[in-house]
Every structure is written in C-alpha cells, then in structure tokens.
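Subject: Structure handover

Hello,

Here is the structure for you to look through. Please open it beside this email and follow along.

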Amino acid sequence: MSLCERAASGSALLWPRVLLFGDSITQFSFQQGGWGALLADRLVRKCDVLNRGFSGYNTRWAKIILPRLIRKGPEMENPVAVTIFFGANDSSLKDENPKQHVPLDEYSANLRDMVQYLRSVDVPRERVILITPPPLCEAAWEKECVLKGCKLNRLNSVVGEYANACLQVARDCGTDVLDLWTLMQKDSQDFSSYLSDGLHLSPMGNEFLFLNLCPLLDKKVSSLPWLLPYWKDVEEAKPELSLLGDGDY
C-alpha cells in the first residue's frame, strides 16, 4: 500500500473553525490589514477562520440565512467560536433608509433568535461573541451620503441605542460581548481615525477591533493544539510516523 493510500485509509484531519458572521464590516475584514485577516494569521494551523460577512445586511436578513451557514452535525465539526456582528445597518434611520432599518426591539429579538438557533445546533453560548456596532462619525458619513445623493441616514446616538441593546442581549443570553461602540469612544477620545468613511473601519480601526477581540477569542481557542508537527519534529527516516500519527508505519 502506498503512503497516499495509507493516509486515505485513516481518519480525516479535522480542522477547527471560527466563523465570523456579520455585515460589510465583517465582509471587508479579510482585506489587507483587516481584523479577520489578522485573526486568520494569528490562528494559522490551529483553526480556519471563515468569513461569512454580507455587505448591507441587517439582523432581519441574517436570521434567515444563518441556518444555511451552520447546521447540526458531528460535534467535532461545529465551530469553536462564532462572532455575530450586526447593527450598523439595523440602526439606519427609518425615514432615510427604510430597507436596511430594523426597529430596536426587533434587532434585539433577532440577536436572541440567532444565539438560540446556534444553541439548537450544538454551538453553546460559551462559543458565541456578540460585537456591537462601532460608533458613527456623522460628519464623515454625511459626506458619503451626499456623494450618493442622499441625506445623512444614521446618527451616532441611535447607533448607541443598538449597541446597548446588543449588550443587554449578551447579558440575557450569557454570551461574551465586545462593546466596540463604547471602547472606541472611551474618555471622549476622537474616534474618527478608527473609521475610513465614518462607518466602516480604517486600518487603525481594524487593528483596534482585532486587539480587543483577541482576549475573548483566546478563551475559546487557546487550548487548541497546533495541527501537525513542527517541521523539525518530523521523523526524518520515516516521516509517516510523525505525519500519520498512529505509529503503524
């Protein structure tokens, strides 16, 4: 039997997964210097970081598609961590952006429903991290709106209401939460440098999110081993002894 046949006859190497679920701030996170790309680099050979970000989406739509992204399966195939990062679109002003706007009470209910769904498919609350929307720089975002021929369609004070709702859902459901809205405005600091256009994250904002998310994520993945041995530890004469891991060869 060839080495390839021997490897194929053994058990598959299961690669743990971290799933990032959110709107454009998640979708764009795999761009150079993005917080998702930084996570993938940090967790390389420990787990795959999957980007499931959907630009423009809100929790109303997210709740519908979540069962298409994660379904009940063998325990070893379940994500070791899931981030849920919505609110930037839900908090749009109803009069100016009715398609993306989601009322505050519904936003809270949708977040709860998504956490409950994850529990129903054996992703416990201890693996879930909610992330509040970041603050909005109204002056910068208004310029973007004017360029698109519309009025300012978001307000930072309203975004703060959705951030607080996200925090309450996390408390009620027992999940971890990253309060990005508050952290970026801590001590009344100028947070505009964290945003590229008033809404989406700049390189500095991506790094800020990454650095603040890591302690929460590390609690969930720190015990994961490095997958496959370090190259210096591979048996030179018979590498299959190291790489197949069962000692039969």
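In which strand does Asp-176 lie? Asp-176 lies in strand S5 (residues 176-178). Strands here are DSSP runs of E with at least two residues, helices are runs of H or I with at least four, and both are numbered from the N terminus.

Two notes on the source. This is a predicted model, where local features need pLDDT of at least 70, side-chain atom pairs count only at pLDDT 80 or more, and totals for chains, interfaces and linings use all residues. Residues are numbered from 1 along each chain as its sequence is written, and side-chain values use heavy atoms, with hydrogens and water left out.

Back to Asp-176. Leave aside its neighbours within four places in sequence, and Asp-176 is in contact (heavy atoms within 4.5 Å) with Val-128, Ile-129, Leu-130, Ala-170, Leu-216, Lys-219 and Lys-220. Arg-125 is 51 residues from Asp-176 in sequence, and the two are 8.1 Å apart, C-alpha to C-alpha.

Now the helix pairs. Axes are lines fitted to C-alpha atoms, for helices over the stretch in contact, and angles run from 0 to 180 degrees between N-to-C directions.

Start with helix H4 (residues 59-69) and helix H5 (residues 104-120). Their axes are 9 Å apart, at an angle of about 15°. H4 is therefore roughly parallel to H5 (angles under 35 degrees; over 145 is roughly antiparallel, 65 to 115 roughly perpendicular, the rest oblique). The crossing of H4 past H5 is left-handed (the near helix is turned anticlockwise from the far one by less than a right angle; clockwise is right-handed). On the H4 side, the contact includes Leu-66 and Pro-67; on the H5 side, it includes Met-114 and Tyr-117. By class, it has 8 nonpolar, 2 polar and 4 charged residues. Nonpolar covers Ala, Val, Leu, Ile, Met, Phe, Trp, Tyr, Cys and Pro; charged covers Asp, Glu, Lys and Arg; the others, Gly among them, are polar.

H5 also packs with helix H7 (residues 156-173), at about 35° and with axes 10 Å apart. This crossing is right-handed. Among the residues that meet are Leu-111 in H5 and Val-169 in H7. The contact divides into 9 nonpolar, 2 polar and 3 charged residues.

Next, helix H3 (residues 35-42) and helix H9 (residues 203-221). Their axes come within 9 Å and cross at roughly 45°. That makes H3 oblique to H9. H3 passes H9 in a right-handed crossing.

Last, the rings. There are 9 aromatic pairs (Phe, Tyr or Trp rings, the six-membered one for Trp, with centres within 6.5 Å). Phe-21, Phe-54, Tyr-57, Trp-61 and Phe-86 are linked into a cluster by ring pairs. The charged end of Arg-45 sits over the ring of Trp-226, 3.7 Å from its centre (the cut-offs are NZ of Lys or CZ of Arg within 6 Å of the centre and within 35 degrees of the ring normal).

Best wishes

Technical notes: Rings of Phe, Tyr and Trp (its six-membered ring) pair if their centres lie within 6.5 Å; planes under 30 degrees apart count as stacked, over 60 as edge-to-face and the rest as tilted.
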